[in-house]
Structures are given as C-alpha cells and as structure tokens.
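Here are my notes for a colleague's read-through. Please keep the structure open alongside them.

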Amino acid sequence: MSHNIVNPVTPEDYRYLAKKRLPRFLFEYIDGGANNQDTLRANTNDFTKYHLKQHVMRDVSNIDTSTRLLGQQASMPLALAPVGMAGMMARRGEVLGAKAAKTAGVPFTASTVGICPVDEIQAATNSPFWFQLYMLRDRDIILDLLKRAEAAGCTTLVFTVDLAVAGMRHSDTRNGMLSNRFSGQIAKVQQIVTRPRWVADVALRGQPLIFGNLKDVVPNPNDLNAYKQFIDDQFDPTVTWQDIAWLRSVWKGKLMIKGVMEVDDAKAAVDAGADAVLVSNHGGRQLDSVASTISKLPDIASAVGGQTEVYMDGGIRSGVDVVKAVALGANGVLIGRPWINALAARGESGLNDQLAIFQKEIEVSMALMGVNKIADINRDLIEY
C-alpha cells in the first residue's frame, strides 16, 4: 500500500487512512474478527470464487442501478450496516453516516450501541432510516427503544440474532480496550496521544461520547467496561423464535432478521414473521470458522427468496461484489467496514466519494455484463 494516497478509491485505501487516523484500539475494534480471524478472511476471499459473465454487443445505453429495499426506493442494492460506536470513529459519526446515505440514496442503519441517539439522526436528516436492535433481558428497555425508534421515523427494524454471547475478539483484549487493569488504561492513553487530530476532532469536539440510545440504562456510558458489563448482563442467551414472534407483535414496521447462516434458521425467521433475512456472520466477529456469507447466500436465497427478501453482509469491498451477491439471489447487501473506514479517514465527504464509487462500479459491471436493470441480474450471469 502506498504511503501517500492522495485520492482514496477503494475500501482498502480508506482502511489504510483510517488506521493512520484512529487510536489503535478503535481501529482494531472495527477491523478485527473473532479468534484466528479465519471467517473474517473467508468473507472477502470467497468472492473470488465467483465469476461474472461478460456479454457484448448489447444496448447498454440506459443503465439503471436503482431498486427497492424493504419498500424503500434506493439508488443501488446497498445499505449501510449498523456499526457500534461509529461516533467514536468520526465526530458524530452516525449523523454523518446517515447524511451520506441520504445523499447517495441508500438506507442507513443506526446501531443500538451508537453514540448518536436516533432522535439526533432524525433531526439531522429528516429522513426514514433503519434501526438495529439486540434482544435484551429487560423487555421494557426494548419497548422504550422501539418507541423512540418509531418516533424518529425508523421504518425497518434490523434485529440481530447471532449475539447470544459475545465472540472472542482477541485484539480488543490485546490492545487494552476492554482491560480494567492499570496497564490497559495506560496502553489506551498512549494510543490516544499518538493521534492528536482524532483527539481534537472527535474526543474534544465530538462530545458527548456516550451511548446515546442507552444513556438512561448504562450507568456510566463513558466507561467501556461499564458498557461491556451492561452487554454481559443484558444480552439474552435464552432467546428463541417465540421471542421473535413477540417482537413481531409489538413492532409494526418492517422486520429484518440479521445473523442467519443456515436454511432451517431462514425458514424459521420467515415463519416468525420476518420481512427479510440478512445472511450474516457478524463480519467474522462472532463464531470463527463458520462459512463465509457469500458461500451461504445461494442456498438461503433458493430456499426462502420466494417468500421474503434476502440480504447479505460480510466481505463486500466493491460494486462488483454487490453485483455478485445480487446474481446469487440477494435483494441487496449491507456494508460495514467500508463505510466506517471511509468516514474515519475523510469524514462525510470521504463516505460520499466511496458510495459514489460503489454505484459507478455497479453501473460499469452491469454495462459490461450486458444488462440494464438490477432485476436482470440473475444466476445465469454468474459461475463458480
């Protein structure tokens, strides 16, 4: 990688710049995976196993990358995935992400554990967005979060089901991020002082750096260990599909189930009333050695695609990857690391540029494949 990227283009360019800008523990929080990170690598690497078919001498003068995602018009089959603590990576990061998504014409997903609360995002964009939620032991907290999300204009609930327990993310332990020890605290301070631009822009001007949606229930939101304790106490390993049925009864908007990797679970999600399933392994951050999402997508799309919308995340690093996912049966994809790295590196303008490049890559791919509409991208256009 060049040490002088004047005009970042790819997610890898923005990743490099984000690494230079963020304190190490924050960069590794968004960059790392579980255990040996085999699944993290497989998510990206397995896209190379699929090949698009090139067709020539067709009229491709009228390319349209737009589509509908859970009833919402979108400029391309892509949405921004929920990223915890985005407001630690850029000043009021969730707001910037939502504004860039609005500019690009794609959905934005706010995280339960975001820095900016849903009402701040709504005030900044005055547009509908999606909201990601975990099942918590305290159902009153869930009902309160849903009420606030609905009041903020959230149209779709992205419900994460693959976090019965937190994955083993060794880098977060190694770099001191989640350490109570004095040595861990010192390590974080040392990492922070090497990033004065981040300190000035985010740490000082980006206040309050609290978990905005949870400020009433996390005792000391500034303390990452207090946050981790809340997660450990509230994340509910007893959750079953019956709880999803309860959720369906109290949430009247669209419901996407995030974290489905097997056909039987996809069918159960449909039976529980899901409007969409999201094929996801949490970006390789939960169960290491589970298969890549792109390899799991075709079977799930074949099994339930006629009954519900199917989405996937994990490993998408270009518009070409988006086209591959659509060809394998996805209605759309969600991207996480590409958007948060662009935001950390170059702010809202960096994310605007990154999303514009994704759309252009989709458009060029379609032209060279000989198709004009997203609906024309199907299994006949991919081989593996």
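How does K373 count by relative accessibility: buried, partly exposed or exposed?

1. K373 counts as partly exposed, because its relative accessibility is 44%. Bear in mind that this is a predicted model. K373 forms a salt bridge with D376, and the closest N and O atoms are 3.5 Å apart. D376 is also partly exposed, at 30% relative accessibility.

2. Now the other salt bridges. The structure holds 16 of them. In one, the side chains of R92 and E120 meet at 2.7 Å, N to O. R92 lies in the loop between helix 4 (86–89) and helix 5, and E120 lies in helix 6 (residues 118–125), so the contact ties together parts that are 28 residues apart in sequence. R92 is buried, with a relative accessible area of 14%. E120 is partly exposed at 25% relative accessibility.

3. D275 and R248 form another salt bridge through their side chains, at 2.8 Å from N to O. D275 sits in the loop between helix 13 (263–271) and strand 9 (276–279), whereas R248 is in helix 12, so parts 27 residues apart in sequence are tied together. D275 counts as partly exposed, at 25% relative accessibility. Elsewhere, a network of salt bridges links E12, R15 and D31.

4. Next, the aromatic pairs. The whole structure has 4. F108 and W339 are an edge-to-face pair, because their planes stand at 70°; their ring centres are 5.7 Å apart. This pair links distant parts of the chain, 231 residues apart: F108 is in the loop between helix 5 (93–104) and strand 5 (109–110), and W339 is in helix 16 (residues 337–369). Both F108 and W339 are buried.

5. Y134 and F235 make a tilted pair, with ring centres 4.7 Å apart and planes at 35°. Distant parts of the chain are linked here too, 101 residues apart: Y134 belongs to strand 6 (residues 130–134), F235 to the loop between helix 11 (224–234) and helix 12 (241–250). Y134 is buried at 12% relative accessibility. F235 is buried at 8%.

6. Check two charges over rings. The charged end of R139 sits over the ring of W246, 5.8 Å from its centre. R285 lies over the face of Y29, 4.9 Å from the ring centre.

7. Strand 7 (residues 156–160) and strand 8 (residues 254–260) pair in the parallel sense over 5 bridges. The bridge partner of T156 in strand 8 is K254.

Methods: Residues numbered from 1 in each chain as written. Predicted model: local features only at pLDDT ≥ 70, side-chain atom pairs only at ≥ 80, totals over all residues. Heavy atoms only, no water. Phe/Tyr/Trp six-rings, centres within 6.5 Å; stacked < 30°, edge-to-face > 60°. Helix = DSSP H or I, 4+ residues; strand = E, 2+ residues; numbered from the N terminus. Buried < 20%, exposed > 50% of the residue type's maximum accessible area, 1.4 Å probe, protein only. Lys NZ or Arg CZ within 6 Å of the ring centre and 35° of its normal. Pairing = 2+ DSSP bridges. Salt bridge = Lys/Arg side-chain N within 4 Å of Asp/Glu carboxyl O.
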